[in-house]
Every structure is written in C-alpha cells, then in structure tokens.
Amino acid sequence: MSGRNASCDTPADLSCPREAWGRPSPTQQHCTSPRCDLPGSAPLRVCFAPGRSFASTPATTALQDMAARKVAIIGAGASGLCALKCCLDEGLVPTCFERSGDIGGLWRFEERPEEGRASIYRSVIINTSKEMMCFSDFPIPEDFPNYMHNSKIMEYFRMYAQRFDLLRHIRFRTSVCHVSKRRNFAATGQWDVVTESEGKQEAAVFDGVLVCTGHHTEAHLPLSTFPGLEKFEGWYLHSRDYKSPQSFSGKQVVVVGTGNSGIDIAVELSHAAKQVFLSTKRGTWVLHRVADGGYPFDFSYLSRFMQLLHSLLPQNASSFFLERKLNTRFDHTLYGLQPRHRILDQHPTINDDLPNRIISGRVLVKPNIQEFTETSAIFEDGSREDIDAVVFATGYSFSFPFLEGCVKVVENQIPLYKFMFPPHLEKPTLAFIGLIQPLGAIMPISELQCRWATRVFKGLQDLPPSADMLADIAQTKEKMAKRYVRSRRHTIQVDYIPYMDELACQVCLHVRRHRGSPPCQGNQGPRCVGRLGLQCPS
C-alpha cells in the first residue's frame with residue numbers, strides 16, 4: 001500500500017504506543033503522534049506522512065462493494081461491543097440485539113438477576129489488570145486503578161461505546177428468539193433472525209451472525225449430588241443470585257466451591273456472618289493479584305519470556321516452581337487447600353485476602369459435603385456443623401437455544417474450530433466470540449476473534465476443509481483432557497499468549513494474501529498484530 005510512513009512502521013519507533021501493546025505501560029495513553037490517527041482507525045490503516053495518500057486499487061474497490069453486508073450481533077457485553085467496532089471497521093452493517101436495557105453484559109451490576117444475562121455481586125473486582133485487558137485502540141485511562149471494580153469497567157465500556165459511536169447500532173430490550181439457515185444458505189450463507197421486543201416479533205435476514213452471549217448465564221446447580229438437601233430447613237442459592245452480605249449477618253454459612261466466585265464470596269461473608277465454612281472437593285491453588293515488586297500478576301507473568309520458559313521445561317517442572325512460589329506465601333497444606341492436582345492442571349483461583357481470613361478463623365476450610373440434615377451439614381471427614389445458609393459456587397452451563405440445530409452443546413462441550421466456527425456449515429457465516437476461559441484477559445482475545453471473523457464473513461479469507469477443522473477440534477480436546485482435571489470449567493480453556501498467536505496468524509494471513517505481500521514483519525500499520533506484540537506467521 002502506498003503512503004506508508006517508514007518511520008512509523010519501524011518496530012523501534014515508539015511514537016505510537018501500540019508498538020508495545022503486548023507489554024503496555026501502566027501509564028499508557030492515546031496516541032498523540034501527529035502521524036497517527038490510531039483511535040477509530042480503519043482495519044488496515046497505517047500511519048502516513050503529510051502529503052502522502054493511499055493508492056486506489058481493485059482490492060479496495062472490492063471491499064467497498066461488500067459494504068452492505070449485514071451482521072447480527074447477539075449480546076452487548078464486552079465481546080459484543082468490540083464485535084460492533086470490528087464490523088464497522090470492515091465496512092459491514094452491524095445490528096446488535098441486547099435483551100436488557102443497557103450495555104456491559106456480565107460487568108453491569110443489578111440488584112436482581114436478569115433472566116438470560118450474567119449476574120455479579122456488588123463488590124466484584126476483575127482479576128486481570130487494565131494494562132492487559134484494554135482494547136488495542138482504546139487504552140484505559142491512566143487514573144483508573146490497575147484492578148478495576150465492576151463500576152469502573154462499565155465506565156470504560158461507556159467511554160469505548162461513545163468514542164466509536166456504537167450505541168446507535170444496538171437494539172435494547174430485544175431478545176433473539178430464533179436463528180436459522182435460509183433455504184438458499186448453501187449458496188448465500190444467509191440467516192433468518194427472529195427477534196422479540198415489547199411482545200412483538202420481527203424477522204430479518206442477515207449475511208452473518210456473531211454470538212456474543214458469553215458462558216456465565218445459566219447457573220449449574222447439581223442439587224442431586226447433595227443428599228438431604230431437600231429436608232434442609234435453611235436457605236440456599238447459587239452464587240449467581242448472591243449480591244451482598246447483609247442478609248447473612250450473624251448466620252452460619254457454608255460456601256460450596258473454591259473457584260474465584262466461591263472464594264470471593266466466602267471472604268466477603270466472613271466480615272458479616274457469624275462463621276463461614278468453605279467446602280472444597282479437591283482443594284485449589286490460590287494466586288494473588290499483586291506480584292513481586294507490587295506489579296499486577298498478569299502483567300508480570302503473561303510474557304514472552306515466561307512463555308518460553310514454560311515451553312522449554314516439562315509441565316511438571318513448571319508446576320513445581322510455581323507451586324513452591326505460592327507455598328512461600330502460605331503453605332496450602334497448613335491452610336487445608338492443598339489440591340491433589342498440579343497448579344497448571346486447573347484454571348487459576350485468584351484472591352489476596354483468603355489466607356488472612358483463614359488464619360484469623362473467620363473462614364474454616366472443610367472437605368466436600370457428604371449430606372445435609374435439617375439444620376446442619378455433614379462433611380466427608382465426619383465433622384458436622386450447624387448451618388443457616390448455603391451458597392453454591394458450582395459454576396455455569398451454557399447453551400444456545402435460539403440456534404436451531406446449528407450447534408450442539410453436550411456437558412459444556414461444543415465443537416468449534418479455534419473455539420469460534422462450527423466446522424460443518426456450508427458457508428462460514430456464524431461465529432462465537434468470547435466463548436473461552438482464558439488464562440488472562442478476555443477483551444483482547446475477543447477483539448482478535450472479531451477481526452478474524454469479520455474477514456471470513458466478507459469472503460476475504462477461507463477456513464480449512466471441514467475434515468481438517470474437525471481434526472483440529474479433536475486434537476485440542478485431547479490436549480485439554482490430558483492437561484486439566486475433569487471439570488465443566490475446563491472445556492473452553494485457552495492459554496492467553498499461544499491462543500492470541502493462533503488468532504494473530506489468521507488475521508495477518510489475510511493481510512498478506514489480500515495484498516500479495518511478503519511474510520509479515522509486524523509492519524502492516526498500527527492495527528497489524530505483529531505490532532501488538534504477537535507472533536505473525538513467517
């Protein structure tokens with residue numbers, strides 16, 4: 001492309017802050033370079049010198065011809081917002097359907113849980129730092145804390161939506177009832193989408209569909225695995241319905257589950273309840289947000305250097321060093337949390353306060369519950385405790401009832417190529433965004449997923465044959481089964497940097513094919529993933 005500014009394409013030139021996107025500065029700001037119009041830039045724009053212009057090519061004309069393609073986006077949470085942005089960048093015409101009255105999805109706190117939408121408690125603070133979770137073209141303000149309360153995350157989302165004028169493309173209080181292939185789908189790849197708003201249904205045709213509903217909407221509540229619960233005279237609820245500790249004041253409460261929600265709730269309840277019992281089936285390794293030197297944990301450990309170390313060492317060796325470091329902070333055996341599995345065999349649990357609450361006796365760690373009586377819980381070690389309330393932090397299930405026969409979810413497992421594309425469709429015009437459980441922030445991953453999906457929707461990039469995609473899915477499933485303990489939460493697990501690299505390869509592949517360029521060297525402009533600290537294919 002003509003008009004490229006060589007100085008701004010040089011990796012050593014840091015006048016554009018996205019050069020170091022893989023390891024951004026804690027004081028990262030919007031680009032102020034007069035040569036760069038990065039915020040709001042088009043997908044393949046590059047910084048250009050004054051007096052230079054872009055050449056018109058048949059390829060750019062072809063892109064303009066495809067501008068009328070319509071895309072339905074389901075959900076206006078973190079993934080839905082960046083899906084809107086990426087569609088607009090690519091010249092597509094997006095319409096986002098949001099069943100509630102506002103954006104934010106999981107991160108918008110409401111006093112009462114809403115059907116079909118994720119729900120959080122008032123005190124939730126995100127486990128990923130702002131340096132690692134921001135969208136690539138809209139840094140989080142410098143004065144925001146490194147680990148943000150849900151209200152600050154919502155403030156960031158509103159700023160993002162306003163900056164890129166996204167709200168006018170969202171239809172609030174509109175539920176998606178059905179998404180089905182059109183009769184000529186094999187030729188057109190189009191979808192019939194039926195929505196409902198204020199009791200009235202409406203049908204429309206779309207050229208592509210992006211599903212951005214997440215995986216924290218349906219509470220998994222395995223009541224049948226807890227004998228005697230039906231005669232328990234206290235009350236119980238899923239963590240999805242927990243909002244604040246006030247109603248538990250002076251009560252004896254047992255929290256079942258040691259994932260992030262379970263431990264957060266146990267710690268918070270311990271300040272109000274008479275006694276909190278934390279019941280765990282297999283124990284857990286507890287990481288903390290603050291790493292050596294006071295830096296955010298993910299900022300320090302999600303790096304190329306650490307990834308290289310993990311690739312060179314056997315997994316058992318990596319686990320040994322990480323476990324020793326965590327036990328230096330507090331001995332997991334002494335605190336009753338020592339699991340039977342290794343640290344890299346599970347999704348991490350992150351909490352800074354649990355050791356203090358345990359050592360002060362406010363939280364007592366217990367094994368799995370064997371059975372309930374009318375007024376107590378009996379644990380597998382034979383101990384019995386009087387209980388007033390139970391909070392089940394037992395995870396979530398996900399399903400997509402509006403997709404008529406297009407995908408099938410069995411025990412939280414769904415066969416998707418790169419966790420995005422159904423492998424059997426005649427046309428690749430359906431993609432799932434954010435249906436992953438990353439060891440890191442989800443927002444940058446969703447953004448790269450959207451960049452890839454929109455290019456596929458436009459026909460600028462093909463997916464592999466169905467057989468190859470199915471083989472890749474089977475291989476990924478086999479790797480996860482070997483690595484992780486068997487759990488519903490480990491069916492959509494991805495490692496942050498390797499998975500981002502996989503997506504980056506796909507995005508930059510389009511750039512090189514579309515332009516007939518040589519292998520990517522990270523110089524395809526400010527939106528090139530090679531400049532985002534990711535590994536483009538050679």
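Modeller: We may begin with a definition: a residue is buried under 20% relative accessible area, exposed over 50%, and partly exposed in between. Please keep in mind that this is a predicted model.

Biologist: Why does phenylalanine 320 count as partly exposed?

Modeller: Its relative accessibility is 43%, so phenylalanine 320 falls in the partly exposed class. Phenylalanine 320 is located in helix H10.

Biologist: Which residues form the nonpolar patch on the surface?

Modeller: The patch consists of Phe305, Leu308, Leu309, Leu312, Leu313, Phe320 and Phe321. Together they have about 690 Å² of accessible area.

Biologist: Which helices each supply at least two residues of that patch?

Modeller: They are helix H9 (304-312) and helix H10 (315-329). The greatest contribution is that of H9, with four residues.

Biologist: Let us turn to strand S11. Is strand S11 mostly covered or mostly uncovered?

Modeller: Strand S11, residues 275-279, is mostly covered, since five of its five residues are buried. The cover extends to both faces. On one side lie Gln275, Phe277 and Ser279, on the other Val276 and Leu278, and all are buried.

Biologist: How should I read the pairing of strands in general?

Modeller: Strands of a sheet pair through backbone hydrogen bonds, and the pairing is either parallel or antiparallel.

Biologist: In which sense do S10 and S11 pair, and over how many bridges?

Modeller: Strand S10 (residues 252-256) pairs with S11 in the parallel sense, over five bridges. Glutamine 252, for instance, has glutamine 275 in S11 as its bridge partner. S10 and S11 also belong, with helix H7 (residues 260-269), to a right-handed β-α-β unit.

Biologist: How many bridges join S11 to strand S14?

Modeller: Four bridges join S11 to S14 (residues 363-366), and these strands run parallel. Valine 276 stands opposite valine 363 of S14.

Biologist: Where may I study the antiparallel case?

Modeller: Consider the open sheet of three strands, in the order S4-S5-S6, where the pairing is antiparallel. Its edge strands are S4 (175-181) and S6 (200-206), each of which pairs on one side only. From one strand to the next, the twist averages 20°.

Biologist: Over how many bridges do S5 and S6 pair?

Modeller: Strand S5 (residues 191-197) and S6 pair over seven bridges, in the antiparallel sense. Within this pairing, valine 194 stands opposite alanine 203 in S6.

Technical notes. Residues are numbered from 1 along each chain as its sequence is written. This is a predicted model: local features need pLDDT of at least 70, side-chain atom pairs count only at pLDDT 80 or more; totals for chains, interfaces and linings use all residues. Side-chain values use heavy atoms; hydrogens and water are left out. Patches are made of residues with over 30% relative accessible area and no salt bridge: like charges are joined within 9 Å, nonpolar side chains (Val, Leu, Ile, Met, Phe, Trp, Tyr) within 5 Å. Accessible areas come from the Shrake-Rupley method with a 1.4 Å probe; for residues, only the protein chains shown count as cover. A salt bridge is a side-chain nitrogen of Lys or Arg within 4 Å of a carboxyl oxygen of Asp or Glu. Buried means under 20% relative accessible area, exposed over 50%, partly exposed in between (1.4 Å probe, protein chains only). Two strands pair if DSSP finds at least two bridges between them. A crossover is right-handed if, with the strands pointing away from the viewer, the path from the first strand over the helix to the second runs clockwise. Axes are lines fitted to C-alpha atoms, for helices over the stretch in contact, and angles run from 0 to 180 degrees between N-to-C directions.
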